[in-house]
Amino acid sequence: MRSLPRAFRTDAQTSAVKPTGTFATTLSRLWRNPTASFGAALLVLLAGSAVLAPLLALHDPLALVPAERLRAPSHAHLFGTDMLGRDLYARVLHGGRLSLTVGILTAVICSLIGLAIGLVAGFSRLADALIMRVMDGIMAIPGILLAIALATIVGGGVSTIVLAIAVPEIPVVVRVVRGVVLTLREQTYVEAARSLGTRPGRILIRHILPNSLAPLVVQATYICGLAILIEAYLSFLGAGIPPEFPSWGNIMAEGRGFVLIAEWIILIPGAFVAATVLALNLLGDALRDMLDPRTRRTL
């Protein structure tokens, strides 16, 4: 396809065909943004503690010590112990590995599937009606109820929980991507590409896909945080990760019967969940501003 003269290119087209900068430049912009740097630092701290849990934990997260049950936080047990005498510090660090895995896998699956379906729905008028009616049908069912039903029918486990959370969230991503594509396909540079005989697939990949990434990245961060919250809800209701595998959700679920005498069993993993969701939201907002062509020059 012949390129249009530079004078006739719009800002959106220029951002679609030009690289947005090196990885080092992106990191530099990210670091200069106070919101992004705080969110990224907090997220790295939480993720790092989960990855390094075997090295940082002072006790076995599964070791039962009945004589130490329901001990308050102390030098021996930094976060206290639960009703079976297990060290809560070790369990929270190891639990972050499962909770973050659920969030990341759910965000990746929803983003990839939702992006593919949204591009087709937004660019093809024939497929749009059928696809969106299916998405509307899925969205008509409350997401948390659908997740509980799927988790109950199929059973516990990481893959089941990821599937149960991803299915209700895919239509949300599809709608976001479709809305962006509907706007972009009417742009002058897309019409010019069509008039030059460019195939639809090439137009999608070259011109529309790059300009769809900014809202998709933001939505992915929200979905990651939402998945961590829903995993906690499901575990709290007994339909999440099996108790023998610690996650932030089932740690809180196990402590709900002791909230009046050992509140730390719920408050500490709950604080980790809240901090992770906050970090993801802050980072997502900053990345949106960096990736959006309309605001990139102001950063």
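Q: What should I know about the source?
A: This is a predicted model, where local features need pLDDT of at least 70, side-chain atom pairs count only at pLDDT 80 or more, and totals for chains, interfaces and linings use all residues. Residues are numbered from 1 along each chain as its sequence is written, and side-chain values use heavy atoms, with hydrogens and water left out.

Q: How many aromatic pairs are there?
A: Three. Rings of Phe, Tyr and Trp (its six-membered ring) pair if their centres lie within 6.5 Å; planes under 30 degrees apart are stacked, over 60 edge-to-face, the rest tilted.

Q: What is the geometry of F79 and Y89?
A: Edge-to-face, with 5.2 Å centre to centre and 75° between the planes. F79 sits in the loop between α4 (53–56) and α5 (88–123), while Y89 is in helix α5, ten residues apart. Helices here are DSSP runs (H or I, at least four residues), numbered from the N terminus.

Q: And F79 with F272?
A: Their ring centres are 6.1 Å apart and the planes are at 65°, so that pair is edge-to-face. F272 lies in helix α12 (residues 264–291) and F79 in the α4–α5 loop, so the pair ties together parts 193 residues apart in sequence. F272 is buried, as is F79.

Q: Which residues make up the aromatic cluster?
A: F79, Y89, W248 and F272 form one cluster.

Q: Switching to the core. How many residues are in the largest one?
A: The largest nonpolar core has 57 residues, and V92 and I208 have the most contacts inside it. A core is a set of buried Ala, Val, Leu, Ile, Met, Phe, Trp, Tyr and Cys residues joined through side-chain atoms within 4.5 Å. Elements giving it two or more residues include α3 (34–51), α5, α10 (200–236) and α12.

Q: What does V92 touch?
A: F79, W248, I251, I268, P269 and F272, leaving out residues up to four places away in sequence. Contact means heavy atoms within 4.5 Å.

Q: How many disulfides?
A: Zero, taking a disulfide as a pair of cysteine sulfur atoms within 2.5 Å. C110 is buried at 0% relative accessible area. C224 also counts as buried, at 7%.

Q: On to α6. What is its span?
A: Its end C-alpha atoms are 21 Å apart, which agrees with the 21 Å its 15 residues should span at 1.5 Å a residue. The expected span is 1.5 Å times one less than the number of residues.

Q: Which α6 residues are buried?
A: D128, I131, M132 and M135. They cover an arc of only 100° around the axis, which puts them on the same side of α6. The arc is that of the directions from the helix axis to the C-beta atoms. On the other side, L126, L130 and R133 are exposed.

Q: What covers the buried side?
A: The cover on the buried residues of α6 includes α5 and α8.

Q: And which are buried in α7?
A: L146, A147 and A151. They fall within an arc of 130°, so they line one face of α7. The face turned away carries exposed L145, T152 and I153.

Note on methods: Buried means under 20% relative accessible area, exposed over 50%, partly exposed in between (1.4 Å probe, protein chains only).
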